[in-house]
Amino acid sequence: MSRPTRTTSSPGSWRTYGSSPAVRQQIERAARTGTGINKVSQGAVQGVRLPFPPRAEQSRIADALDVRLTRLDKIEARLAATQQHLERLGDRVMAAAATGVLAHDADPQHVSIEASPGVVDGELPALATGWCWARLQNIAEVVGGVTKDSKKQDDSGLPEVPYLRVANAQRARLDLSRVTKIRVAPKALEKLRLQDGDLLMTEGGDRDKLGRGWIWEEQIEDCIHQNHLFRARIQDHVTHPKLLGWYVNSAARSWFESNGKQSVNLASISISTVKLLPVPVPPADPQEQADFVALGERILTRFHRLTAACEEGLAHTAALRRILLAEAFAGRLVPQDPDDEPAEDLLKRIRAEREAAEAERKAARRAAAQARRKSRSSAKQPASTVAPPPAPTSKPPLPEGEQSTLPLEFTE
């Protein structure tokens, strides 16, 4: 007679039960939301039905799971490390492209810039031959964004337009998956409407994220930005927007961290400080600038492909982990042995042991209760039943040889 398929429940594999698809579904169905937090009651957890195989099969499944999950852990660690390494190399490529030293004939040299009060420039990277440094305010118009006015949001007469928030400005990219809208006056829309080539940079957040952002390429019509984003609009084609964007997101990160101000929880940088950012300026020839950009894009595209491959590998290992757990908890990960003790017998023995242990605990509690009652009863009894000695009298003792007599009276 064939037995039903079983899964693991050995002590060494309890940590995997929470990841079992069947168990997770039961827990999610039992979860209740309160004050924004999902909660599961103790009774619901106790009522979760767990697959229960024979003990010998439990050990085989646990061993097989440990081997496969350990292998997956190593693969995931290598993929994550490779991804981080690629990100660091990508930062170096962006910095090299933004300063011109990525070209084979760059001949990099250290070029100084006149110090500006109020900012700390630190050591600036080397520049290719023909490049120079300039302050951001000297090559671009830098402005802040719109401040949300709750009163204006109820005015249906004002135009409602999309606007970018800090969450939309990521490191060297724009995340436009969720763009909200805001009502603004027509003058503000005209002043803040984004144009192709505008560079957006964050004003606040974590200290290592100050200044992050990327270039607007007119993905959305009539889009503006909030006051926590700075917009830099390059004047007279002094540099290519991507060269400036690469520099801000790579070599300039240390400058933003050094010149940002830290509050209790967040860091920020003022627009007056951002205007003093030192930026590399390439030769004025537009074609030469385009060549620098094309070289950087070719190399960065390869890094992006490798990074995407790492992300795909991590997603694949996560899927394999789910499949492994599903197979394990369905009894299909290892072959079954008909000579194993049936799980039903094991459960009966566990139930009998639990009932015996409970009986012992009840007997111990009864004995302890009887002992306490006996102790309290003993405490209520007198300490001794012996009569106390007679109280002494004040009469003097009789002389030796004399006997006291008592008068006797008879009445008829």
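Lys74 lies in helix H3 (residues 55-98), where helices are DSSP runs of H or I with at least four residues, strands are runs of E with at least two, and both are numbered from the N terminus. The model is predicted; local features need pLDDT of at least 70, side-chain atom pairs count only at pLDDT 80 or more, and totals for chains, interfaces and linings use all residues. Residues are numbered from 1 along each chain as its sequence is written, and side-chain values use heavy atoms, with hydrogens and water left out.

**Charge on the surface**

Lys74 is exposed, at 53% relative accessible area. Here exposed means over 50%, buried under 20%, and partly exposed in between (1.4 Å probe, protein chains only). The areas come from the Shrake-Rupley method with a 1.4 Å probe; for residues, only the protein chains shown count as cover. Lys74 belongs to a positive surface patch together with Arg68, Arg71 and Arg78. A patch takes residues with over 30% relative accessible area and no salt bridge, joining like charges within 9 Å and nonpolar side chains (Val, Leu, Ile, Met, Phe, Trp, Tyr) within 5 Å. Lys and Arg count as positive, Asp and Glu as negative; His and chain ends are not counted. Each charge is placed at NZ of Lys, CZ of Arg, CG of Asp or CD of Glu.

**Salt bridges**

How many salt bridges does the structure hold? There are 14. The criterion is a side-chain nitrogen of Lys or Arg within 4 Å of a carboxyl oxygen of Asp or Glu.

Glu297 and Lys242 form one of them, at 2.2 Å from N to O. Glu297 sits in helix H9 (residues 286-329) and Lys242 in helix H6 (residues 241-248), so this pair ties together parts 55 residues apart in sequence.

Glu358 has a salt bridge to Arg361, with the closest N and O atoms 2.5 Å apart. Both lie in helix H10 (residues 343-380), three residues apart, so about one helical turn separates them. Glu358 also bridges to Arg365, at 3.6 Å from N to O.

The accessibilities of some bridge residues follow.

| Residue | Relative accessible area | State |
|---|---|---|
| Glu297 | 29% | partly exposed |
| Glu358 | 29% | partly exposed |
| Arg361 | 42% | partly exposed |
| Arg365 | 47% | partly exposed |

**Helix H6**

H6 supplies Lys242 to the pair with Glu297. Is H6 largely enclosed or largely open? Six of its eight residues are buried, so the rest of the structure largely encloses H6. The buried residues are Leu243, Leu244, Gly245, Trp246, Tyr247 and Val248.

**The sheet around S5**

Strand S5 (residues 160-164) is mostly covered, with four of its five residues buried. Pairing requires at least two DSSP bridges between two strands.

S5 and strand S8 (residues 180-183) are antiparallel and joined by four bridges. Within this pairing, Glu160 has Arg183 of S8 as its bridge partner. S5 and strand S11 (residues 224-225) run parallel, with two bridges between them. There, Tyr163 stands opposite Ile224 of S11.

Ala232 is part of strand S12 (residues 229-234). Is Ala232 buried or exposed? Ala232 is buried, at 0% relative accessibility.

Glu141 is in strand S4 (residues 140-143). Glu141 is partly exposed, at 35% relative accessible area. Between the C-alpha atoms of Glu141 and Arg231 the separation is 7.8 Å, and this pair is also 90 residues apart along the chain.
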